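Please read the following points beside the displayed chain. They are set out as a colleague's note, one topic to a paragraph.

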Amino acid sequence: MLSAGSSTPGWNPDYRSASLGYCLDEAMWGHGFATEAAHALLRWAFDTLDLNRVQSETVTRNVASARVLEKIGFVREGTLREDCIVNGEVSDSWVFGLIRREWQPPAVPIQAC
């Protein structure tokens with residue numbers, strides 16, 4: 001989802017930027033749902049909202065999520081040290097960014113259900 005929460009950059013129409021976040025139940029991991037949903041949201045973000053940048057963050061322990069972001073074109077831009085607490089443990093987060101001019105929409109259009 002493109003978020004507008006107070007703890008994240010959210011959507012800023014003046015800056016033409018937004019944050020992308022997702023959370024799936026463990027039973028849904030590894031089925032491509034995050035990738036497919038993110039592609040659809042990115043198409044909407046760049047084509048409809050006319051955004052220039054989309055940002056996302058993931059805890060450094062969540063390598064699978066980092067792979068999803070990289071697969072859809074995000075670039076890891078940095079590390080936020082001790083950014084959050086997950087399951088009682090202090091964790092670092094990676095920051096990923098995707099710029100409109102670097103985005104490659106999927107070759108096959110995503111079908112609506």
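This is a predicted model: local features need pLDDT of at least 70, side-chain atom pairs count only at pLDDT 80 or more; totals for chains, interfaces and linings use all residues.

1. R101 is exposed, with a relative accessible area of 69%; exposed here means over 50%, buried under 20% and partly exposed in between, computed with a 1.4 Å probe on protein chains only. R101 lies in the segment after strand 5, where strands (E, at least two residues) and helices (H or I, at least four) are DSSP runs numbered from the N terminus.

2. Residues are numbered from 1 along each chain as its sequence is written, and side-chain values use heavy atoms, with hydrogens and water left out.

3. Overall architecture. The chain has two helices and five strands, arranged along the sequence in the pattern β-β-α-β-α-β-β. Of its 113 residues, 32% count as buried. The chain exposes about 7,500 Å², of which carbon and sulfur atoms supply 53%; accessible areas come from the Shrake-Rupley method with a 1.4 Å probe, and for residues only the protein chains shown count as cover. Among contacts (heavy atoms within 4.5 Å) with a separation of 6 or more, 59% join residues 24 or more positions apart.

4. Strand 3 and its parallel neighbour. Strand 3 (residues 53–59) has six of its seven residues buried, so it is largely enclosed by the rest of the structure. Strand 3 pairs with strand 2 (residues 17–20) in the parallel sense over three bridges, pairing being assigned if DSSP finds at least two bridges between two strands. Within this pair, S17 has R53 of strand 3 as its bridge partner.

5. Strand 5 and its two partners. Eight of the 11 residues of strand 5 are buried, and the strand is mostly covered. Strand 5 (residues 89–99) pairs with strand 3 in the antiparallel sense over seven bridges, and S56 has F96 of strand 5 as its bridge partner. Strand 4 (residues 75–86) also pairs with strand 5 in the antiparallel sense, over eight bridges; C84 stands opposite S91 there. Strands 4 and 5 form a hairpin with two residues between them, and N87 in the turn has a positive phi of about 50 degrees.

6. Which residues does V59 contact, leaving aside its neighbours within four places in sequence? They are C84, V86, S91, D92 and S93. V59 belongs to strand 3 and is buried, with a relative accessible area of 18%. In strand 5, S93 stands opposite V59. The C-alpha atoms of V59 and S91 are separated by 6.5 Å, with the two residues 32 apart along the chain.

7. The largest nonpolar core. A nonpolar core is a set of buried Ala, Val, Leu, Ile, Met, Phe, Trp, Tyr and Cys residues joined through side-chain atoms within 4.5 Å. The largest has 16 residues, of which L42, F46, V54 and F74 touch the most other members. Strand 2, helix 1, helix 2 and strand 5 each supply at least two residues of this core, and helix 1 gives the largest share, four residues. Not counting residues up to four places away in sequence, L42 touches V54, I72, F74, L98 and W103.

8. Helix 2. The buried residues of helix 2 include S65, A66, V68 and L69. These residues cover an arc of only 155 degrees around the axis, which puts them on the same side of helix 2; the arc is that of the directions from the helix axis to the C-beta atoms. The face turned away from the buried side carries the exposed residues R67 and K71. Cover for the buried residues of helix 2 includes strand 2, helix 1, strand 3 and strand 5. S65 is buried with a relative accessible area of 9%, and its contacts beyond four places in sequence are Y22 and T58. G73, which follows helix 2, has a positive phi near 110 degrees.
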